[in-house]
Amino acid sequence: MSTSIAISNARWVGTIQAARVGVQLAGMVVLSHLLSPTDFGLVAMAFAVNNFALLIRDLGAGAAIIQRATLDERTTLTAHWASSMLGLALGLGLFAASGLLARLFQAEALQPLLQMLALSFPVLGSTTVHQALLERASRFALLARIEISAVASGLIVAIVAALYGAGAYSLILQTLTNVVVSAVQLRLASDLKLRWLWSGEQFRALWRFGGYLFGFNAINYLARNADAMIIGRALGAASLGPYSLAYRIMLFPLQNLTFVATRALMPVMSQSQHAPAQLGAMYLRVLSVIAFFTAPLMTGLFVLRDLLVEVVLGESWGRVAQLITWFAPIGFAQSLVSAGGAVLTSLGRTDVLFRLGVFSTALHVAAFFAGLRFGVSGVAAAYLGTTLLNGVLCFGVILPMVQQSIAALARAVAPSVAKALLMGVALEVLAPWTVALPGVARLIVLSLCGALIYLLATRAHLQPGDRDALRLLLKKA
């Protein structure tokens, strides 16, 4: 696949994720004034369960469809029916277990929320392969239209429902609307002709590739959601609400910018699976681009955390700012570490990915329990420590596999880190001079100053990764 196609893919995926971020921010601003912290806490518990099913719903079939060098109808339809059956099983299983899960979380109001979320899994499972085929063909412009219209529809439904007093149900309706609108359009856009065709041989081949990926996603769920489960169980929804909002703010770069790079380049990386050095060079350039965006974002978030929370969320959410102290560096570190999954998947080494996931999950869960005695801040601090330790291990495993070194990694990301730190120091110096401005104006002025300082520093010391990032922003081939 040519470089121009890869850049085009990244731009369209970037458009999709920018729309998602915009919707998430708009939803957070509007819904935080319409819903209570307890509402957010209940939904955070529900999504902790929901996210598990989302991660394992296709047995890795979608990734296998994209990664395979050649693809035939028997393989495609086997993958489709396997994903559809798993989606149905997950939906039925979640519906049946909703009462037990509600008792586990000690929140009776959780049961109907989980039952509603269960409706989404059969729909998602039935369209997994449709989406994978569009991504394999690099039809990201079409996917952008589909996904943007879906998230916008979900936000509208959530706001209307919240205005009519739906409470936590408004956030569940947002998810269901997004799923249905997206699924209908994927079915209409896909060229896949559905008929019953099943191959045991192809299913076993898919499972050999996707089984480890399935296992990784299952245990990775624990690492990503164990904190919410532990806090919800031990400290209650009122404590989980602020934690979940701070966590979502941190996840913006991780789920969006990293996702842009890995989703857009997965077809390209798969083409280089038999040339490790070439794949390694691509990997480092991807990390350089990710660092270009996430380093200043997380530095700015750290420096302006109190002002941001006051302006965007309101005074009642002051605890979120305290938690961002820990989550900002976590966001940067995880944005780099998470990209390694795409490399291992492209190499067909999902077994290594699974083993790394087992270690990471055990490490995180133990740390969360250890930090719990110090409250939600203790959990967040433990999260940061284990994220850094896990990053050292992951890079130590992945870099030799693609014939790269720690020194090469440092050269790829250090320039962005240095410029971001310079920007952070400058913002600390400028902040006292803006105290006379209204909160919104002050946030805008300081954000623009930070962006300007970072871009001026980039211009003064332009690196190859900076050029890649600017090509995406300026739409120059």
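# A guided tour of the helices and their cores

Start with the largest nonpolar core: it has 117 residues, and those with the most contacts inside it are Tyr243, Tyr283, Leu287, Val320 and Phe327. A nonpolar core is a set of buried Ala, Val, Leu, Ile, Met, Phe, Trp, Tyr and Cys residues joined through side-chain atoms within 4.5 Å. Buried means under 20% relative accessible area, exposed over 50%, and partly exposed in between, with a 1.4 Å probe and protein chains only. Helix α12 (residues 276-303) gives the largest share of this core, 14 residues.

The model is predicted: local features need pLDDT of at least 70, side-chain atom pairs count only at pLDDT 80 or more, and totals for chains, interfaces and linings use all residues. Residues are numbered from 1 along each chain as its sequence is written, and side-chain values use heavy atoms, with hydrogens and water left out.

**Zoom out.** Show the whole protein chain. It has 20 helices and zero strands. Both are DSSP runs, numbered from the N terminus: helices are H or I with at least four residues, strands are E with at least two. Of the 477 residues in the protein chain, 56% are buried.

**Select Tyr283.** Which residues is Tyr283 in contact with, leaving aside its neighbours within four places in sequence? They are Leu336, Ala339, Gly340, Val343, Phe395, Ile398, Leu399 and Val402. Contact means heavy atoms within 4.5 Å.

α12 and α17 pack at an angle of about 135 degrees, with their axes 8 Å apart. Axes are lines fitted to C-alpha atoms, for helices over the stretch in contact, and angles run from 0 to 180 degrees between N-to-C directions. The two helices α12 and α17 are therefore oblique to each other. Angles under 35 degrees count as roughly parallel, over 145 as roughly antiparallel, 65 to 115 as roughly perpendicular and the rest as oblique. On the α12 side, pick Pro276, Tyr283, Leu284 and Leu287; on the α17 side, Phe395, Ile398, Leu399 and Met401.

**Go to helix α5 (residues 110-118) and helix α9 (residues 169-189).** Their axes are 10 Å apart, and they pack at about 10 degrees. α5 and α9 are therefore roughly parallel to each other. Color Pro112, Leu113, Met116 and Leu117 in α5; they meet Tyr169, Ile172, Leu173, Thr175 and Leu176 in α9.

**Select helix α16 (residues 350-371).** Its 22 residues should span 32 Å at 1.5 Å a residue, and its end C-alpha atoms are 31 Å apart, which agrees. The expected span is 1.5 Å times one less than the number of residues. Among the buried residues of α16 are Asp351, Leu353, Leu356, His364 and Phe368.

**Find Val129.** Val129 lies in helix α7 (residues 128-136). Is Val129 buried or exposed? Val129 is buried, with a relative accessible area of 0%. Now draw a distance to Thr76, 53 residues apart from Val129 along the chain: their C-alpha atoms are separated by 7.4 Å. Neighbours within four places in sequence aside, Val129 is in contact with Thr76, Ala79, His80, Ser83 and Leu192.

**Finish at Ser199.** Ser199 sits in the loop between α9 and α10 (200-234). At 7% relative accessibility, Ser199 counts as buried. Arg74 and Thr78 are in contact with Ser199, leaving aside its neighbours within four places in sequence.
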